[in-house]
Amino acid sequence: QVQLVESGGGLVQAGGSLRLSCVASGVILRINEMAWYRQAPGKQRELVAGFTSGGNTNYADSVKGRSTVSRDNAKNTIYLQMNSLKPEDTAVYYCNAVVVGMAGFAFSYWGQGTQVTVSS
């Protein structure tokens, strides 16, 4: 079993910054993909930023230029630095990881989410 634990959310004024962290723990052979998603009230969950299995990064157009995703493979951790935050960034941010276990099979896991609220 694999657990993902996010941290770093909170209340911030527009124009401010936050850094989210997500740590994966459990029986992990390797992590193929790791990414941040978000879901605002009444909206579908959407990709914010993340790493593909090839190590490339993807960003949603809405956060390009304002956010940086990074990863510490040794710590099974992904970070999301968000700057120049806007009220429309308000959402629950979820960490997702595609993890290969010792049996060689890959499964997708989700964290419990961390709330980010940006006040105007």
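## The nonpolar core

Which residues touch the most other members of the largest nonpolar core? They are Leu4, Met34, Trp36, Ile78, Leu80, Met82 and Tyr93, in a core of 30 residues. A nonpolar core here is a set of buried Ala, Val, Leu, Ile, Met, Phe, Trp, Tyr and Cys residues joined through side-chain atoms within 4.5 Å. Buried means under 20% relative accessible area, exposed means over 50%, and partly exposed lies in between, using a 1.4 Å probe and protein chains only.

Several strands supply at least two residues each to this core: E1, E3, E4 (30-39), E5 (46-51), E8, E9 and E11 (114-119). The most comes from E9, which gives five residues.

## About the model

This is a predicted model, in which local features need pLDDT of at least 70 and side-chain atom pairs count only at pLDDT 80 or more, while totals for chains, interfaces and linings use all residues. Residues are numbered from 1 along each chain as its sequence is written, and side-chain values use heavy atoms, with hydrogens and water left out.

## A sheet of four strands

Now to an open sheet, where four strands follow the order E1-E3-E8-E7 with antiparallel pairing. At its edges are E1 (2-7) and E7 (67-72), each pairing on one side only. On average, neighbouring strands of this sheet are turned by 15° against each other, direction ignored. Strands are DSSP runs (E, at least two residues) numbered from the N terminus, and two of them pair if DSSP finds at least two bridges between them. Angles run from 0 to 180 degrees between N-to-C directions, with axes as lines fitted to C-alpha atoms.

E1 and E3 (residues 18-26) run antiparallel and are joined by six bridges. Along this pair, Val2 stands opposite Gly26 and Val5 opposite Val23. Six bridges also join E3 to E8 (residues 77-82), again antiparallel, and here Leu20 has Leu80 as its bridge partner.

## Buried and exposed places

Is Ser67 buried or exposed? Ser67, in strand E7, counts as buried because its relative accessibility is 8%. Leaving out residues up to four places away in sequence, Ser67 touches Tyr59, Leu80, Gln81 and Met82, where contact means heavy atoms within 4.5 Å. Met82 in turn has contacts beyond four places in sequence that include Gly16, Leu18, Tyr93 and Val116.

Ala103 sits in the loop between E9 (91-100) and E10 (106-110). With a relative accessible area of 64%, Ala103 is exposed. Its C-alpha atom is separated by 26 Å from that of Glu6, 97 residues apart along the chain.
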